[in-house]
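Please look through the sequence and the model below before reading on. The paragraphs that follow go from the sheet to the helices.

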Amino acid sequence: MAFQPSPAQMPTPRRDAPDPRFVDLQADAGRADVLLCGLPFDGAVLGRKGAAGGPTGIRETFRYLATHDPDRGVDLASLRWHDLGDVAGLRPDDTLATHETARAALKPVFARSKPIVVLGGDNSLSFPVVQALAQAKGAGKGGIGLIVLDAHYDVRTYEGQPSSGTPYGRILTELEGKPVAPSNLVEVGIRPFANTKHLADRAASLGLHPITLGQVRHLGAQVVARDALRRAGDGPTTLWLSLDLDVLDQSVAPGVSAPSIGGMSLTDAATLVDAVARDPRVAGMDLTECAPSLDPSGNTARAAAYLVAVFMGGAASRP
């Protein structure tokens with residue numbers, strides 16, 4: 001079977017109707033407004049491993065979430081989400097085989113035309129996620145727009161097996177039919193001293209024009225979100241959000257493969273996620289590099305769960 005139940009220990013839902021918890025909002029797949037699934041794999045990590053535990057760790061942290069966001073005027077109480085479980089058959093010793101398994105499992109899910117949140121897992125998985133989306137939507141050349149929140153360019157070249165540093169380069173060069181054009185792939189949050197000049201030049205040679213973390217701070221997250229949506233959506237009818245948790249500052253998310261001193265604030269990340277999620281063209285989000293075993297405080301998983309709730313709130317606010 002494509003999916004297997006998650007091993008997460010979810011709490012018993014509260015039955016107090018006026019005070020629902022986030023975990024109370026689960027529904028069967030047919031009634032759900034948003035779908036969720038996990039890809040527990042970190043075989044392609046270049047740095048510290050632990051992201052295979054991300055899907056379970058994030059799910060278990062859902063217990064801390066309520067439903068109301070007074071700042072954005074969002075109440076998730078009317079939203080229903082369904083957890084499909086984890087994609088089965090992922091192989092820690094074979095990244096390419098794992099990517100093919102993930103693609104095959106996710107393609108029919110994307111065909112359901114409901115927003116989906118994919119919990120990683122390492123950042124290499126963004127490639128089969130976008131591949132499955134493009135195939136499910138029948139996207140031709142330039143049919144998919146991609147907004148990325150990441151401290152790194154992730155456009156490394158490779159021989160043999162790809163890594164967590166290769167997904168966006170692969171998306172531009174290896175996807176059949178070139179569904180993502182360089183002008184529609186917008187990387188946001190590139191951080192000082194997180195990349196080499198060689199990788200910056202590689203990104204430029206691919207036609208990328210990233211928005212640096214300094215620009216996010218100077219312009220403001222709302223302005224950057226509008227610009228990212230304009231650029232990613234110039235032509236494509238389907239958009240996707242890819243969020244690597246290492247974009248966040250290490251004080252918020254230390255439990256990632258490559259922690260970021262001087263990284264993005266959780267407030268700015270949430271502003272970007274909310275703005276993107278509200279766009280009806282956005283088919284969903286993959287969230288990668290959460291490694292709970294590297295963060296005994298549990299803060300990294302809590303930040304990830306919070307951003308999932310923000311995305312769902314944005315999706316629930318669509319016209």
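Which residue in S5 does Gln4 stand opposite? Gln4 stands opposite Asp86 in S5, and this position belongs to the antiparallel pairing of strand S1 (residues 3–4) with S5, which extends over 2 bridges; two strands are said to pair if DSSP finds at least two bridges between them. Strands (E, at least two residues) and helices (H or I, at least four) are DSSP runs, numbered from the N terminus. The model is a predicted one, in which local features need pLDDT of at least 70 and side-chain atom pairs count only at pLDDT 80 or more, while totals for chains, interfaces and linings use all residues. Residues are numbered from 1 along each chain as its sequence is written, and side-chain values use heavy atoms, with hydrogens and water left out.

Strand S5 (residues 81–87) also pairs with strand S2 (residues 34–39), to which it runs parallel with 4 bridges joining them, and here Leu36 stands opposite Asp83 in S5. S5 is mostly covered, with 7 of its 7 residues buried, where buried means under 20% relative accessible area (1.4 Å probe, protein chains only). These strands belong to an open sheet of 9 strands with mixed pairing, in the order S1-S5-S2-S6-S11-S10-S7-S8-S9. Its edge strands, each pairing on one side only, are S1 and strand S9 (211–212); S9 runs parallel to strand S8 (residues 180–190), joined to it by 2 bridges, and Val188 stands opposite Ile211 in S9.

Turning to the helices, helix H9 (residues 299–316) lies across S2, S5, strand S6 (116–120), strand S10 (238–244) and strand S11 (282–288), and runs at about 180 degrees to S11. Angles run from 0 to 180 degrees between N-to-C directions, and axes are lines fitted to C-alpha atoms, for helices over the stretch in contact. The axes of helix H3 (residues 126–137) and helix H4 (residues 167–174) come within 8 Å and cross at roughly 35 degrees. In this contact (heavy atoms within 4.5 Å), H3 contributes Ser126, Phe127 and Val130, while H4 contributes Pro167, Tyr168, Arg170, Ile171 and Glu174.

Finally, why is helix H8 (residues 266–277) described as largely enclosed by the rest of the structure? It is so described because 10 of the 12 residues of H8 are buried, among them Asp268, Leu272, Val273 and Asp274.

How values were computed. Buried < 20%, exposed > 50% of the residue type's maximum accessible area, 1.4 Å probe, protein only.
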